[in-house]
Amino acid sequence: MTPLPVEESAPLDGGFAEKLLQWYGLEGRDLPWRNTRDPFRIWISEIMLQQTGVETVIPYYEKFLARFPDIVSLANADIDEVIALWAGLGYYSRARNLHAAAVMVKNRFEGSLPKNLDDLMSLPGIGRSTAGAILAIAFDQKTPILDGNVRRILCRIFAVEEDPRRPVIEKKLWQWADDLTSEKRPHDYSQAIMDLGATLCTPRHPACDRCPVAACCRARQLGKAAELPVRKQKKTLPQRREVVLLLSQRGRLLVRKRPYGGMLGGLWEFPSLIREGKENSAEVAAKLLAALDAEGTLEKWGKSRHTYSHFHLESEVFFAEVKTRSQRIRESNQTWLPSSEIAALAVHGAHKKVFRLLQEKTAKNGFLQK
Ligand code: SF4
(Lines give C-alpha, C1' and ligand atoms only; values in the text may rest on other atoms or scores of the structure.)
Protein backbone atom coordinates (compact mmCIF):
# COMPACT_ATOMS: atom_id res chain seq x y z
CA MET A 1 0.00 0.00 0.00
CA THR A 2 1.53 3.31 -1.00
CA PRO A 3 0.82 6.47 0.97
CA LEU A 4 -1.40 9.09 -0.52
CA PRO A 5 0.48 11.99 -2.09
CA VAL A 6 0.15 14.92 0.24
CA GLU A 7 -1.92 16.91 -2.21
CA GLU A 8 -4.51 14.15 -2.49
CA SER A 9 -4.91 13.29 1.19
CA ALA A 10 -8.58 13.49 1.99
CA PRO A 11 -9.59 15.33 5.15
CA LEU A 12 -10.21 13.07 8.09
CA ASP A 13 -13.70 12.23 9.16
CA GLY A 14 -14.97 13.96 12.26
CA GLY A 15 -13.74 11.32 14.68
CA PHE A 16 -10.21 12.52 15.37
CA ALA A 17 -10.89 15.37 17.80
CA GLU A 18 -13.60 13.42 19.66
CA LYS A 19 -11.38 10.38 20.17
CA LEU A 20 -8.51 12.56 21.29
CA LEU A 21 -10.65 14.57 23.72
CA GLN A 22 -12.15 11.44 25.21
CA TRP A 23 -8.66 10.07 25.87
CA TYR A 24 -7.52 13.42 27.28
CA GLY A 25 -10.39 13.37 29.75
CA LEU A 26 -9.06 10.09 31.12
CA GLU A 27 -5.30 10.36 30.63
CA GLY A 28 -4.47 14.08 30.38
CA ARG A 29 -1.52 15.20 32.48
CA ASP A 30 -2.01 17.32 35.57
CA LEU A 31 0.43 20.20 35.08
CA PRO A 32 0.75 23.46 37.04
CA TRP A 33 -0.31 25.63 34.09
CA ARG A 34 -3.40 23.50 33.54
CA ASN A 35 -5.08 24.88 36.66
CA THR A 36 -5.38 28.41 35.33
CA ARG A 37 -6.82 30.44 32.47
CA ASP A 38 -4.53 33.35 33.27
CA PRO A 39 -3.06 34.31 29.85
CA PHE A 40 0.17 35.50 31.48
CA ARG A 41 0.79 32.13 33.16
CA ILE A 42 -0.10 30.24 30.00
CA TRP A 43 2.23 32.44 27.99
CA ILE A 44 5.12 31.81 30.42
CA SER A 45 4.54 28.05 30.29
CA GLU A 46 4.42 28.03 26.48
CA ILE A 47 7.69 29.93 26.21
CA MET A 48 9.43 27.77 28.79
CA LEU A 49 8.21 24.59 27.10
CA GLN A 50 9.82 25.59 23.81
CA GLN A 51 12.96 23.42 23.61
CA THR A 52 12.63 22.26 27.25
CA GLY A 53 10.88 19.25 28.78
CA VAL A 54 8.02 19.44 31.27
CA GLU A 55 9.95 18.05 34.26
CA THR A 56 12.69 20.64 33.88
CA VAL A 57 10.22 23.46 33.33
CA ILE A 58 8.00 22.94 36.41
CA PRO A 59 10.37 24.29 39.12
CA TYR A 60 11.42 27.20 36.87
CA TYR A 61 7.80 28.03 36.13
CA GLU A 62 6.92 28.11 39.81
CA LYS A 63 9.95 30.17 40.81
CA PHE A 64 9.44 32.61 37.94
CA LEU A 65 5.79 33.22 38.78
CA ALA A 66 6.48 33.57 42.47
CA ARG A 67 8.75 36.49 41.59
CA PHE A 68 6.77 37.85 38.61
CA PRO A 69 3.09 37.13 39.22
CA ASP A 70 1.85 39.35 36.37
CA ILE A 71 2.90 41.18 33.23
CA VAL A 72 3.53 44.50 34.94
CA SER A 73 5.88 43.01 37.53
CA LEU A 74 7.84 41.36 34.71
CA ALA A 75 7.87 44.54 32.61
CA ASN A 76 9.15 46.58 35.57
CA ALA A 77 11.90 44.10 36.45
CA ASP A 78 15.56 44.51 35.67
CA ILE A 79 16.52 42.27 32.73
CA ASP A 80 19.45 40.91 34.78
CA GLU A 81 17.04 39.55 37.36
CA VAL A 82 14.92 37.91 34.64
CA ILE A 83 17.99 36.25 33.14
CA ALA A 84 19.19 35.14 36.59
CA LEU A 85 15.84 33.39 37.18
CA TRP A 86 16.19 31.74 33.79
CA ALA A 87 19.73 30.50 34.52
CA GLY A 88 20.00 26.81 33.70
CA LEU A 89 16.96 26.67 31.43
CA GLY A 90 19.01 27.55 28.32
CA TYR A 91 18.02 29.38 25.13
CA TYR A 92 18.28 32.70 26.93
CA SER A 93 16.83 34.71 24.06
CA ARG A 94 13.50 33.41 25.38
CA ALA A 95 14.03 35.32 28.64
CA ARG A 96 15.11 38.49 26.85
CA ASN A 97 12.12 38.28 24.51
CA LEU A 98 9.71 37.66 27.40
CA HIS A 99 10.93 40.76 29.16
CA ALA A 100 10.81 42.89 25.98
CA ALA A 101 7.33 41.58 25.18
CA ALA A 102 6.09 42.34 28.73
CA VAL A 103 7.30 45.93 28.33
CA MET A 104 5.44 46.18 24.99
CA VAL A 105 2.26 44.70 26.48
CA LYS A 106 2.42 47.16 29.35
CA ASN A 107 2.93 50.14 27.02
CA ARG A 108 0.83 49.17 23.98
CA PHE A 109 -1.89 46.88 25.35
CA GLU A 110 -2.53 48.35 28.81
CA GLY A 111 -0.91 45.40 30.55
CA SER A 112 -3.15 42.66 29.08
CA LEU A 113 -2.06 40.10 26.51
CA PRO A 114 -3.93 40.77 23.25
CA LYS A 115 -6.62 38.32 22.20
CA ASN A 116 -5.88 38.17 18.50
CA LEU A 117 -3.26 36.41 16.42
CA ASP A 118 -1.70 39.43 14.71
CA ASP A 119 -1.16 41.44 17.88
CA LEU A 120 0.19 38.44 19.74
CA MET A 121 2.58 37.64 16.90
CA SER A 122 3.83 41.24 16.93
CA LEU A 123 5.40 40.53 20.34
CA PRO A 124 9.01 39.31 20.54
CA GLY A 125 9.34 35.54 20.92
CA ILE A 126 5.74 34.72 19.99
CA GLY A 127 5.42 32.85 16.69
CA ARG A 128 2.26 31.54 15.07
CA SER A 129 2.13 28.29 17.03
CA THR A 130 2.74 29.92 20.42
CA ALA A 131 0.15 32.58 19.64
CA GLY A 132 -2.29 29.82 18.64
CA ALA A 133 -1.64 27.96 21.89
CA ILE A 134 -2.23 31.09 24.00
CA LEU A 135 -5.45 31.92 22.17
CA ALA A 136 -6.75 28.36 22.42
CA ILE A 137 -5.74 27.64 26.01
CA ALA A 138 -6.34 31.03 27.61
CA PHE A 139 -9.23 32.32 25.49
CA ASP A 140 -10.78 29.11 24.12
CA GLN A 141 -10.45 30.35 20.54
CA LYS A 142 -10.22 27.86 17.67
CA THR A 143 -6.67 28.55 16.54
CA PRO A 144 -4.36 25.78 15.35
CA ILE A 145 -0.98 24.99 16.87
CA LEU A 146 1.91 23.38 15.05
CA ASP A 147 4.73 22.83 17.49
CA GLY A 148 7.17 19.92 17.19
CA ASN A 149 4.75 17.45 18.78
CA VAL A 150 1.82 18.37 16.57
CA ARG A 151 3.98 18.40 13.46
CA ARG A 152 5.14 14.86 14.22
CA ILE A 153 1.60 13.62 14.88
CA LEU A 154 0.22 15.11 11.67
CA CYS A 155 3.09 13.76 9.58
CA ARG A 156 2.14 10.31 10.88
CA ILE A 157 -1.62 10.65 10.70
CA PHE A 158 -1.31 11.73 7.05
CA ALA A 159 1.77 9.58 6.29
CA VAL A 160 3.79 12.54 5.01
CA GLU A 161 6.91 11.08 3.45
CA GLU A 162 8.38 14.37 2.34
CA ASP A 163 10.48 16.84 4.29
CA PRO A 164 7.94 18.65 6.54
CA ARG A 165 10.08 21.80 6.43
CA ARG A 166 9.33 22.31 2.74
CA PRO A 167 7.03 25.35 2.48
CA VAL A 168 4.36 23.43 0.54
CA ILE A 169 4.23 20.72 3.23
CA GLU A 170 4.35 23.28 6.03
CA LYS A 171 1.31 24.99 4.50
CA LYS A 172 -0.51 21.69 4.30
CA LEU A 173 0.32 20.87 7.93
CA TRP A 174 -1.14 24.19 9.08
CA GLN A 175 -4.27 23.47 7.08
CA TRP A 176 -4.64 20.03 8.65
CA ALA A 177 -3.92 21.41 12.11
CA ASP A 178 -6.75 23.88 11.55
CA ASP A 179 -9.12 21.27 10.10
CA LEU A 180 -8.62 18.91 13.03
CA THR A 181 -8.88 21.44 15.88
CA SER A 182 -12.11 21.04 17.80
CA GLU A 183 -14.66 23.81 17.19
CA LYS A 184 -16.31 23.27 20.54
CA ARG A 185 -13.35 22.63 22.85
CA PRO A 186 -10.19 24.30 21.50
CA HIS A 187 -8.87 24.83 25.05
CA ASP A 188 -8.88 21.09 25.75
CA TYR A 189 -7.99 20.03 22.22
CA SER A 190 -4.71 22.01 22.16
CA GLN A 191 -3.56 20.45 25.40
CA ALA A 192 -4.76 17.00 24.37
CA ILE A 193 -2.74 16.96 21.16
CA MET A 194 0.34 18.21 23.03
CA ASP A 195 -0.13 15.38 25.52
CA LEU A 196 -0.51 12.82 22.76
CA GLY A 197 2.84 13.91 21.28
CA ALA A 198 4.56 13.99 24.67
CA THR A 199 3.31 10.67 26.02
CA LEU A 200 2.32 8.28 23.19
CA CYS A 201 3.26 9.62 19.76
CA THR A 202 6.87 10.12 20.79
CA PRO A 203 9.73 10.59 18.30
CA ARG A 204 11.43 7.16 18.38
CA HIS A 205 8.95 4.69 19.88
CA PRO A 206 5.32 5.68 19.29
CA ALA A 207 2.97 3.62 21.47
CA CYS A 208 0.47 2.97 18.68
CA ASP A 209 -1.20 0.09 20.51
CA ARG A 210 -2.43 2.52 23.18
CA CYS A 211 -3.14 5.46 20.87
CA PRO A 212 -6.68 6.84 20.87
CA VAL A 213 -6.44 7.95 17.21
CA ALA A 214 -4.71 4.84 15.86
CA ALA A 215 -7.69 4.09 13.61
CA CYS A 216 -7.11 7.42 11.81
CA CYS A 217 -3.37 6.97 11.40
CA ARG A 218 -2.03 6.21 7.94
CA ALA A 219 1.57 5.80 9.09
CA ARG A 220 0.45 3.09 11.46
CA GLN A 221 -1.48 1.33 8.70
CA LEU A 222 1.67 1.43 6.58
CA GLY A 223 3.92 0.22 9.41
CA LYS A 224 5.94 3.44 9.15
CA ALA A 225 5.02 5.24 12.36
CA ALA A 226 8.54 5.33 13.80
CA GLU A 227 10.08 6.36 10.45
CA LEU A 228 8.03 9.52 10.12
CA PRO A 229 8.44 12.43 9.98
CA VAL A 230 11.39 12.26 7.60
CA ARG A 231 14.43 13.28 9.60
CA LYS A 232 16.91 15.74 8.23
CA GLN A 233 20.44 14.43 7.92
CA LYS A 234 22.61 15.49 10.79
CA LYS A 235 25.10 18.14 9.75
CA THR A 236 28.66 17.87 10.93
CA LEU A 237 29.08 20.86 13.20
CA PRO A 238 32.20 23.00 12.88
CA GLN A 239 34.66 23.02 15.76
CA ARG A 240 35.71 26.27 17.42
CA ARG A 241 38.48 26.59 19.96
CA GLU A 242 38.92 29.20 22.64
CA VAL A 243 41.25 29.98 25.48
CA VAL A 244 39.67 30.77 28.86
CA LEU A 245 41.45 32.54 31.71
CA LEU A 246 40.63 31.89 35.34
CA LEU A 247 42.30 34.88 36.95
CA SER A 248 42.32 34.90 40.71
CA GLN A 249 43.04 37.72 43.08
CA ARG A 250 42.68 37.33 46.84
CA GLY A 251 40.24 34.46 46.35
CA ARG A 252 38.13 36.30 43.78
CA LEU A 253 37.85 35.49 40.12
CA LEU A 254 37.50 37.79 37.16
CA VAL A 255 34.17 37.46 35.31
CA ARG A 256 32.49 39.55 32.66
CA LYS A 257 29.00 40.00 31.33
CA ARG A 258 28.40 39.47 27.62
CA PRO A 259 26.84 42.42 25.80
CA TYR A 260 23.09 42.33 25.24
CA GLY A 261 21.96 41.73 21.68
CA GLY A 262 24.59 39.16 20.68
CA MET A 263 24.77 35.42 21.25
CA LEU A 264 24.26 34.57 24.95
CA GLY A 265 23.72 38.29 25.59
CA GLY A 266 23.48 39.27 29.27
CA LEU A 267 25.07 36.04 30.49
CA TRP A 268 28.27 35.85 32.50
CA GLU A 269 31.53 34.18 31.55
CA PHE A 270 35.25 34.11 32.26
CA PRO A 271 37.56 36.13 30.00
CA SER A 272 38.13 34.19 26.80
CA LEU A 273 39.48 34.54 23.30
CA ILE A 274 38.81 32.45 20.20
CA ARG A 275 41.90 30.67 18.83
CA GLU A 276 42.32 31.30 15.13
CA GLY A 277 44.09 28.92 12.73
CA LYS A 278 47.19 27.32 14.15
CA GLU A 279 47.65 29.74 17.06
CA ASN A 280 49.29 28.19 20.09
CA SER A 281 46.96 28.20 23.10
CA ALA A 282 49.67 29.43 25.51
CA GLU A 283 50.39 32.39 23.22
CA VAL A 284 46.69 33.24 22.99
CA ALA A 285 46.39 33.03 26.79
CA ALA A 286 49.37 35.37 27.20
CA LYS A 287 47.88 37.78 24.65
CA LEU A 288 44.57 37.87 26.54
CA LEU A 289 46.33 38.36 29.87
CA ALA A 290 48.24 41.30 28.41
CA ALA A 291 45.05 42.77 26.93
CA LEU A 292 43.58 42.73 30.42
CA ASP A 293 46.62 44.57 31.82
CA ALA A 294 47.07 41.71 34.25
CA GLU A 295 50.29 40.01 35.32
CA GLY A 296 50.71 36.47 36.54
CA THR A 297 52.09 33.06 35.70
CA LEU A 298 49.71 31.06 33.54
CA GLU A 299 49.15 27.40 34.33
CA LYS A 300 47.40 25.14 31.85
CA TRP A 301 44.54 23.42 33.70
CA GLY A 302 42.75 21.34 31.12
CA LYS A 303 39.95 21.41 28.59
CA SER A 304 36.19 21.29 28.54
CA ARG A 305 33.81 20.84 25.62
CA HIS A 306 30.35 22.16 24.93
CA THR A 307 28.06 21.85 21.92
CA TYR A 308 25.82 24.66 20.74
CA SER A 309 23.20 24.18 18.05
CA HIS A 310 25.58 25.32 15.31
CA PHE A 311 29.11 24.53 16.54
CA HIS A 312 31.21 22.58 19.03
CA LEU A 313 33.34 24.65 21.35
CA GLU A 314 36.54 23.41 22.95
CA SER A 315 37.68 25.58 25.86
CA GLU A 316 41.30 25.33 26.94
CA VAL A 317 41.56 26.63 30.47
CA PHE A 318 44.48 28.53 32.02
CA PHE A 319 44.72 29.69 35.62
CA ALA A 320 46.81 32.55 37.03
CA GLU A 321 47.06 34.23 40.39
CA VAL A 322 47.10 37.91 39.49
CA LYS A 323 48.69 40.47 41.73
CA THR A 324 47.40 43.76 40.39
CA ARG A 325 43.98 45.06 39.47
CA SER A 326 44.13 46.95 36.26
CA GLN A 327 42.29 50.16 35.58
CA ARG A 328 41.02 48.67 32.33
CA ILE A 329 39.28 45.86 34.24
CA ARG A 330 37.62 48.25 36.66
CA GLU A 331 36.27 50.37 33.83
CA SER A 332 34.73 47.53 31.80
CA ASN A 333 31.78 45.19 32.29
CA GLN A 334 34.10 42.91 34.27
CA THR A 335 34.30 42.35 37.97
CA TRP A 336 36.04 40.25 40.63
CA LEU A 337 33.74 37.89 42.52
CA PRO A 338 34.16 35.06 45.00
CA SER A 339 33.30 31.69 43.53
CA SER A 340 30.26 31.37 45.80
CA GLU A 341 28.74 34.38 44.01
CA ILE A 342 29.77 33.13 40.58
CA ALA A 343 27.92 29.89 41.33
CA ALA A 344 24.71 31.94 41.66
CA LEU A 345 25.23 33.95 38.44
CA ALA A 346 23.66 33.19 35.07
CA VAL A 347 26.83 31.78 33.50
CA HIS A 348 26.47 30.32 29.99
CA GLY A 349 26.73 26.57 29.46
CA ALA A 350 30.30 26.34 28.12
CA HIS A 351 31.72 28.30 31.05
CA LYS A 352 29.63 26.43 33.59
CA LYS A 353 31.75 23.46 32.55
CA VAL A 354 34.87 25.57 32.99
CA PHE A 355 33.60 26.54 36.45
CA ARG A 356 33.13 22.86 37.31
CA LEU A 357 36.72 22.24 36.28
CA LEU A 358 37.75 25.00 38.66
CA GLN A 359 35.69 23.48 41.47
CA GLU A 360 37.32 20.09 40.95
CA LYS A 361 40.81 21.59 40.86
CA THR A 362 40.49 23.86 43.86
CA ALA A 363 38.07 22.15 46.26
CA LYS A 364 40.98 20.57 48.11
CA ASN A 365 42.82 23.79 49.03
CA GLY A 366 39.78 25.66 50.32
CA PHE A 367 39.88 28.32 47.62
CA LEU A 368 36.18 27.94 46.92
CA GLN A 369 35.16 28.77 50.45
CA LYS A 370 36.52 32.29 50.17
S1 SF4 B 1 -1.09 5.46 15.87
FE2 SF4 B 1 1.01 5.67 16.51
S3 SF4 B 1 1.95 6.98 14.98
FE4 SF4 B 1 -0.26 7.18 14.74
S5 SF4 B 1 -0.76 8.98 15.96
FE6 SF4 B 1 -1.03 7.20 17.28
S7 SF4 B 1 0.94 6.93 18.34
FE8 SF4 B 1 1.26 8.33 16.61
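## A ligand shell and the helices around it

By class, the shell around the ligand has 13 nonpolar, no polar and 2 charged residues. Here Ala, Val, Leu, Ile, Met, Phe, Trp, Tyr, Cys and Pro count as nonpolar, Asp, Glu, Lys and Arg as charged, and the others, Gly among them, as polar. Keep in mind that this is a predicted model: local features need pLDDT of at least 70, side-chain atom pairs count only at pLDDT 80 or more, and totals for chains, interfaces and linings use all residues. Residues are numbered from 1 along each chain as its sequence is written.

So who sits around the ligand? There are 15 surrounding residues, and the closest are Cys 201, Cys 208, Cys 211, Cys 217 and Ala 225. Helix H9 and helix H12 (218-222) each bring at least two residues to the shell, and H9 gives the most, with 3 residues.

Now zoom out to the whole chain. Its secondary structure comes to 16 helices and 7 strands, where helices (H or I, at least four residues) and strands (E, at least two) are DSSP runs, numbered from the N terminus. The C-alpha atoms fill a box of roughly 75 × 50 × 35 Å along the principal axes. Of the 370 residues, 37% are buried; that label needs 20 or more other C-beta atoms within 10 Å of a residue's own, while 12 or fewer make it exposed and anything in between partly exposed, with C-beta atoms placed from the backbone.

Two packed helices are described by the angle between their axes and the distance between the axes. The axes are lines fitted to C-alpha atoms, for helices over the stretch in contact, and angles run from 0 to 180 degrees between N-to-C directions.

| Helix pair | Angle | Axis distance |
|---|---|---|
| H9 (residues 148-157) and H11 (residues 186-199) | roughly 80° | within 8 Å |
| H1 (residues 15-27) and H11 | about 80° | 9 Å |

H1 is therefore roughly perpendicular to H11, a label that covers 65 to 115 degrees (under 35 is roughly parallel, over 145 roughly antiparallel and the rest oblique). On the H1 side, Ala 17, Leu 20, Leu 21 and Tyr 24 make the contact, and on the H11 side the residues include Tyr 189, Ala 192 and Leu 196. Contact means that the C-beta atoms of two residues, placed from the backbone, lie within 7 Å. This H1 and H11 contact has 8 nonpolar, 1 polar and 2 charged residues.

H9 and H11 are roughly perpendicular too. Asn 149, Val 150, Arg 152 and Ile 153 of H9 meet residues of H11, among them Ile 193, Met 194 and Gly 197.

Next comes helix H8 (residues 128-139). Because 10 of its 12 residues are buried, H8 is largely enclosed by the rest of the structure. Its buried residues, including Gly 132, Ile 134 and Leu 135, pack against helix H2 (39-49), helix H7 (117-121) and H11.

Finally, take a look at Gly 349, which is in helix H16 (residues 349-362). Is Gly 349 buried or partly exposed? With 15 other C-beta atoms within 10 Å, Gly 349 is partly exposed. Leaving aside neighbours within four places in sequence, Gly 349 is in contact with Gly 90 and His 306.

Methods
A residue is near a molecule or strand if its C-beta atom, placed from the backbone, lies within 6 Å of it.
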